[in-house]
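The sequence and model come first, and the entries follow.

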Amino acid sequence: MASVPIIPDSYNHVLAEFECLDPLLSALRLDSSRLKCTCVAVSKRWLALGSSGGGLNLIQKDGWKQRLFLTHKEGAIARVACCLHDEDYVAVATSQGLVVVWELNQERRGKPERIYVSSEHKGRKVTALCWDTAALRVFVGDHVGKVSAIKINTSKQGKAAATFVMFPVQIITTVDSRVVQLDYLDGRLLISSLTRTYLCDTEREKFWKIGNKERDGEFGACFFPFGKNSGNQQPLIYCARPGSRMWEVNFDGEVQSTHQFKQLLSSPPLPVVTLRLDPHYTSSSCSPQSLSFPKLLYLAEHCVMTWTERGIYIFLPQSVQVLLWSEVKDIQDIAVYKSELFCLHTNGKVVHLSLLLVDRCIERLIRRGFWTLAARVCCLFQNSIVSCRARKNLPLDKLEHLKSQLDASTQEDLITQLEELISKLEPLDSACSSRRSSISSHESFSVLDSGIYRVISRRGSQSDEDSCSLHSQTFSEDERLKEFPAHQEDEQIELDNVSHASVTVEADRNETFLPFNIPLSFRSPSPLVSLQAVKESVSSFVRKTTEKIGTLHISPDSRGRQEAKDDESLQELTVNPVASPQEEKELEPHSCQLPEEDHLRDLKSATAEAIAKLQDPLVLLEPQCMRRVLQEWLIHLEEKFGCKEHSASSAKKSKTVCAEEERAVLEEDLPLYPTDGDPADKEQSSILKDCSEKENTVDTCVSKNMCENSTDLKGPLDCCFQVSSPCVIEPDVQKDLVELTTLCFELCVFSCANGEAEESSDRSLPLAASWTLVCRFMRSYFFLLDLKRLKQCIITMYAASPNVWETYITGLKELTCHSPVALAMENEDMLKILKQLHDLGPWDDSPLLLVHAQRLYEKFGEIALRPLIKFYPSILPSDIKQLCRNDPAHFLAYLDSLVKSKPEDKRSSLLRSLLQPESVRLDWLCLAVSHDAPQRTNTVDAEGNPRPRSHLFTWGYSQLILLLIKLPADFVTKEKMADICKSHGFWPGYLFLCLELDRRIEAFTNIAHLDDLSLLNGEDGAIPETIEEWKFLLHLAQNHSTTFHHGPGNGNAVSNGSPSCPDCITVENIALLLAKAIGPNRALPLLRECGLTLELSERFTSVCEILRIAEKRQRALIQSMLERCDRFLWSQQA
C-alpha cells in the first residue's frame, strides 16, 4: 500500500462543503445560459442571490426555501447587501447605477415595498454597498470614487420622522479612483480605492488617509472587531498591500505594523472537503506567493479571509499566521456570515463552504452518513485527531463505528489507514489497553474541561438478545446514527450546571431501555496495594462494599467477553463492579433494574417525605422546624453516603461529649484540612486525568474505607473530597438530594446524634469547632452541593473563617485538577492562560472560573487580578476579596480597575450593584481610606481637626472613595461613613457627607481649619444659605486669621488682607464673598453689626464700588431689553 501524505498537526481547520446548492439554483432557474447569478449576500436569516434578469431571490437559510422574489426594471442586479442588525431591509444596486432599498415587512406579514430609490450614482457602476451597523443607513461607492450615504425613513419610525430628514442622500466624499471595498464599524467608514485606504468619522465628518505609500490595483480593507469580553479594546483595521502584505492599523488610522505572508504561503494547499471529489494533499512545498488581495473580510474566530483567482486564503493577522489556504478556482465574489462562506463563481455557480475544526467536520460527516469521505479526512488529518481536543469530539468508539461502516472488500486500504490511526490513539503496549478496549466496546467517553468524564452509551450488540434484556433486536443504519449526539458545530462543551453529577449519560429519549453507565473512580490511596492482591480478593470485597458504592448492571456484551477472556476480568471489574456470579443469578429472577434502586430506596423515600414536609407553610416559615426535618433526613443521607463509623459513634454520643472531643481536637492544634505538601492526601483527592490513568474501582473502595476509619473530627477532614457520586443516581433524585443537602448547609445542619442535629450555630461549641463541622460536611457531600449557593452562603455566613473558604476552593481544585487550564498553569504564561479561559467561555457565574482565578493569583500574584475584570460578572469583587483576603491592597487594585473600566456615567450604578450585602460598603470604604493614603499625622492635628490644606493630598483611591460615599444610603450608614472619613483625614468626603447630613456648621468649621476659600465658592462649594451662617463663618474667619495668617506661615499663608492670599479663609475674603452673594448694599450693614468693618482694607471698598456699578448697569440693561420687547409686542398687535 502506498503511503498517503499526512497533513501536519499545525493545521486543524478545514473548509468543507456539506450541501450542494446546484438543485437550489436549478429550481430558481439561475443555471441557464440566459439567466445566471450575478451577486450574493448573506445574513443570519437570508441568502440573497441577484440575477442578470433584474430579479433578487431571498432564500431562507433554514431549509433553503425561497421566500421572496423582488423584481427590478432598472437592469441587472450588480450589488446586494443585507442589513445585519435589522434583516427586514435589503439594499440593491442595479446595472444602471440606481440603488433600491427594500423593506420586506416580514414582521407584519405584508408585501415587500420599495422605501427609497437613489439616483445619485445613476449612469455609473456601483462597486460597493455597505450598511451601517446601528442605524438604517446605506453607504454606496462607485467606479469614479464617489461615496454617498442613504438615510432610510421607514414606517416603523412613524410619519413624523420624514419631516426631520429633508435630504436622505448625503455625499460623503469623492476619492481619487474606483471604490474597491466599503466597511463600517462604530461610526467609522472605511473606504478602499485603487490607490489607498481612507478612514472617515461619519459623526464628526473627519477624514484620514491611512499610510503614506500608495498602491495600484484592487486591494481591500476591513475592520477587525473584538468581542464583548475584550473590555474597552478598540477595533483594528487591516489593509491589503502588494506582495502578500497587510497593514495593521489602529482605530485612529495610524499604521502600527506591516505583516508579510509571502513566505508563509509557500506551504501546500489544504484540500476542500466536498462530495464532488476525494480530498488529496501534496506534502511538497510550493514557491512563495506574491499576491494582491482584492477584498478582506472578517471571519469568526478572529480571522481575515480573502481570495484570488487561485484560491481562498484565511489568515490570523494578529499572530501573523496562515490558518489555511485552499485551491478554489474562478471566484468572482464571496459573502460571509460568521464561519459560513458563499462563493460566487464566474460561471454563476454558488458554493456553500464552512470553516470549522477538523474533528467537527468529521463528526458532521459521520452524522450525515458520508462514511468514505469521513474516513479519508481522518487519515489526512490524523495528526490533528490524535490531539486531546480532537479526541474529545472524536472518541475511540466513533472511529471504530466509522471503520465498521466501510466496505472491507473495496476499501481495504482505507480501513488499514484507519486502523493505524486508531492504534495511535490506543497504544498496544499500554497498561490499560485491554481495559480501554472493553470500555470502548460499550461506551464512548470524553473528558470535559472540569475533568469529569462524559459517557455515551452504545447499544446494539448481538449478545443483548440473550439477556433479561433491555432490548433484543439489532439496530438499523438510521438507528445507529442516533448514537452520535446532534450538537451544533459551533457548540462547545462546557460545565454550566454546577449542581453536578459525576457522569453525564447521553441516550436517545425515545428508547425505553436503560443506558450503560460507568461511575468515576478514585485513585488508590496507597501504591502498596498490589494488582494481584486486588484481583484475588475482588469478589469478596465487592460483596462487602455493595451497600457503600452501589453496583451497575453489567451488559450482556461485557458478560460474554468476560467469560471468553479471563485475562481481562480485572479490567472489566475496574469499570463494571458487580456482585459475584451466584449473587447475580439470585438477583436476575426478581428484577432487571439496577441494584442502586434497592440500595437507595430508603433514601428516596426519606427524601420525598422531607420535601413534602418542607412544603408545609408552618414548617417552611419556622427555621427550627425546618432544621428538625432536615435532621431526620440527614440520618438517611449519612447511612448511604456518609462515614459509617462516624455516624455510628455519633449516634451514641451526647452533645456534651461531642463538644468535649471537638475541643480536645482543637487543643491538639491539628490542621483543619490536609496541607498541600502531603503527597498521600494529594493522591487520595485527585480525580481521573484521562482514560489511560484510570485506577481500579475496587481500589477506590479501599480509599473510601480509609476515609471512613475515624470517629473524631480529624478523620473526616483528612479524608479525600467526594467530588463525584459513588454510585449512579437518577437525575430527579439527584436534584432533590442537591436541594436538601444545600439547604442543610444553609441552615447549619451538619451532623446528627440521637435523632437531633449538632448545629454549628450551637453556642456550646467554639467557633473553630463549628467551622470544623462545616468543612467536614463539605468534604463528605461536595458532589451533592449546589456550588453557586454554597459560595454565596460561605461569603455571607463564614466570612470570618478562612478555613471554610479554603475547603471550598480545595474542592473546586479537586473537581478541575485535570482541566486544560489547570494543566496549562504549570508551563504556560499568564496571557496564554487568560486567552484559554476566554476561549472556554461564556462562563456565566460558574464557580469553576473562580478556581482558575485562584490558581492564577497563587502563581502570578497581584498582576493576575487586573485582567480578571473582563470576566465580570462571572467573577465578582466579593470573590476577589476572598481570594486575596490576606492582602486587601490587591483587592482594592482590582476593584478600582473594575470601576474605572466603565464609562464615568455608569460607574455609580456599577458600584451600587456590587454592594450586596449593603454592609460591605463600610468595609470597602475602610480599606480604600487606609491604603495608598497620606499619613494621618499629615491630615489631622493633635486635637483631631484638619491641618491646613490637607485636603489637597493625593489619595490613591480617591475616586473610589467619593463614589462610595455619594451612593444613596440610610442616615446611619452615612454617619458611619462620615466618621470613617474624619478619622482617616479624608476631608473632601467628610465635607460632602456633612453637607448631605445637614451638619453645615461642622462643615464650615472644618473648611476654616482647611483654610481654602475654594471650598466655599467652587462648583461644589458650601455657600452659606442664611444670615446666621454668614455671621458664624465671619466669626470663624476672625478667630482663625490670627492663628493661620499672623503667626508663622503654613504653605502660602500671609497676613490678612494681602492680595497674595486670595484663596485663604480671611475676614476680608469672606466679606467679599458675602458682597458677591447678597450685594454690597446688604453686606456692609451686616459687617458693621459683626464689628468687622475695621478689619477691611481699601481693596474691599474698591471691589464693593465695582460691584455696585456692575449691578446698576445690569439693571439698566435688563430694563432696556424689557422695554424693547414691550414695544415689539405692541407693534405686532397693531
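Entry 1: terms and source. I took buried to mean under 20% relative accessible area, exposed over 50%, and partly exposed in between, with a 1.4 Å probe and protein chains only. The model is predicted, so I note that local features need pLDDT of at least 70 and side-chain atom pairs count only at pLDDT 80 or more, while totals for chains, interfaces and linings use all residues. Residues are numbered from 1 along each chain as its sequence is written, and side-chain values use heavy atoms, with hydrogens and water left out.

Entry 2: strand β3. Strands here are DSSP runs of E with at least two residues, numbered from the N terminus. I looked up residues 46–51, which form β3, and found 6 of its 6 residues buried. In a regular strand the side chains alternate between the two faces of the sheet.

Entry 3: the partners of β3. I counted strands as paired if DSSP finds at least two bridges between them. Strand β2 (residues 37–42) pairs with β3 in the antiparallel sense over 5 bridges, and C39 stands opposite G50. The hairpin from β2 to β3 passes through 3 residues. Strand β4 (residues 55–60) also runs antiparallel to β3, joined by 5 bridges, with Q60 as the bridge partner of W46. In the hairpin of β3 and β4, which has 3 residues between the strands, I noted a positive phi near 90° at G54.

Entry 4: cysteines. How many disulfides does a search of the whole structure find? It finds 0, a disulfide being a pair of cysteine sulfur atoms within 2.5 Å. For C82, the closest cysteine sulfur is in C83 at 8.9 Å, too far for a bond. C82 is buried, at 9% relative accessible area. C981 is likewise in no disulfide, and the sulfur of C926, the nearest, is 9.2 Å away. C981 counts as buried, with 0% relative accessibility.

Entry 5: nonpolar cores. A nonpolar core is a set of buried Ala, Val, Leu, Ile, Met, Phe, Trp, Tyr and Cys residues joined through side-chain atoms within 4.5 Å. The largest has 142 residues, and W633, F641, F745, Y808 and L868 have the most contacts inside it. Apart from it lies another core, of 55 residues, including L353 and L418.

How values were computed: Helices (H or I, at least four residues) and strands (E, at least two) are DSSP runs, numbered from the N terminus.
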